[in-house]
Amino acid sequence: MSERPTAQELTEAIQEFLGGEILPTLTDHRLRFRMLVAMNALGIVYRELAALPAEDDAEQRELARRIRAGDVPPGTLARVKADVEARLHIASPRYLERYG
Amino acid sequence: MIADVREAFQAAVTEALGREVEISEPVLLAGGASKEAWAVDADGEPLLVRRAAVGVIHRHTLSLAHEFEVLRAAFETGVKVPRPYGYVADLAGREAFVMERLEGETIGRRIVQKPELEAARGLLPAQLAEELAKVHAIPAERLPFLTAAAIERMVEELDEVDEPHPAIELGLWWLRENRPPARQPVVCHGDFRIGNVVVDEHGLVGLLDWEFAHLDDPVRDLSFGLVRAWRFGMDSRRLGGIGDVEPYLERYNELTGLEVRPEELDYWELAGNVAWAIGCLTQAQRHLSGLDRSVELAILGRLGSEVEYEICHLLERAAA
């Protein structure tokens, strides 16, 4: 399940940071060149991600809507927790280790 | 620094202090999206100039002028805060105010971890309770512009983000189903946690960042610092990563007579997590909307999942 920022949007944010804030501070020619190469590589990642089909969040929207409406049958928490755990494996895998 | 801006600082500090002074070169300490913090010395006296940055203020934060009023009220009622000097309507085109620059540690991770602050951490629970009790005693009439907050405001913010977050919805649902009896609203700091306090070897030096001040249930303010995200890695110390909740609650109850029960803290700790989970999303939206392009803001959209996991964890415990 996707969330924002998408991988593509994250790549874009990194490109802007490197190009806008780091690159201008580099005075070493070799380092500048390698930064430009790295940014080029990020561009490739960006375009590859852009080519992927958009993720469908209809199921999550339906679940959120039901909970908002007060429809919370037994098992909802377990389901929701499992979904969050799956997202955390991508977003912050070491965070789960903090729970005894 | 550009000469005009330097002159503008000179004029602002002179105006705020009410006397001619020689200022040092202003140093930008932190350039948050909505606020700037400049360190400047006036005849050697350490000052901090808080100045509006370019761009829209967060919704539900006070204007700089109102924030300054809250700081003044807190100072006058004896809360440990930087001494406020003066509000300046125009410092090189933007509002600002001048206050004392407190010496000490403000970085959460360092307050929680530095060995030199071990003794200070032992003192903090009682000291934090003492200052918060004073804040909650500030008469609301003194600050007539403060508004009341409600859980509904959080829901509005979530709706504006327009993304599905079932864990947050579940948290909101539980909060609605399990509301404790409402307490009389008081003046609240609004962001009372490690990260917004100055600490030195003697303990608490002062409270900072009053932009989220508002009227609310005092226990909400009391519990915000318990949120796991604000323990800076020291998860086992429920009070801001620095200590236990019991001495903090006991001292607060002693001073206020409010007889806050541990279950109320649990409730509002969950509410604090829900608020911060939504906060992560709105911060990410500032980047995604183009208002403030920043990779630190962007990534909060993903790190919000940590807070959602904590919400699930707290809900499991509540059901047990």
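Reader: How many residues of chain B are in contact with chain A?

Author: In this predicted model, 26 residues of chain B are in contact with 32 residues of chain A. Two residues are in contact if their C-beta atoms, placed from the backbone, lie within 7 Å. Residues are numbered from 1 along each chain as its sequence is written, and chains are lettered from A in the order in which they are written. Local features need pLDDT of at least 70 and side-chain atom pairs pLDDT 80 or more, while totals for chains, interfaces and linings use all residues.

Reader: Which helix gives the largest share of the side of chain B that touches chain A?

Author: Helices are DSSP runs (H or I, at least four residues), numbered from the N terminus. On this side of chain B, α6, α9 and α10 (295-319) each supply at least two residues. The largest share, 13 residues, comes from α10(B).

Reader: How are two packed helices described?

Author: By the angle between their axes and the distance between the axes. Axes are lines fitted to C-alpha atoms, for helices over the stretch in contact, with angles from 0 to 180 degrees between N-to-C directions. Here α6 (residues 166-177) and α9 (residues 262-288) of chain B have axes that come within 10 Å and cross at roughly 145°. Residues making this contact include B:Trp174 of α6(B) and B:Asn273 of α9(B).

Reader: Into which domains is chain B divided?

Author: Domain bounds come from an automatic or database domain assignment. Chain B has domain 1 (3-100) and domain 2 (108-319). Their centres, taken over C-alpha atoms, are separated by 26 Å. The contact takes 19 residues from domain 1 of chain B and 20 residues from domain 2 of chain B.
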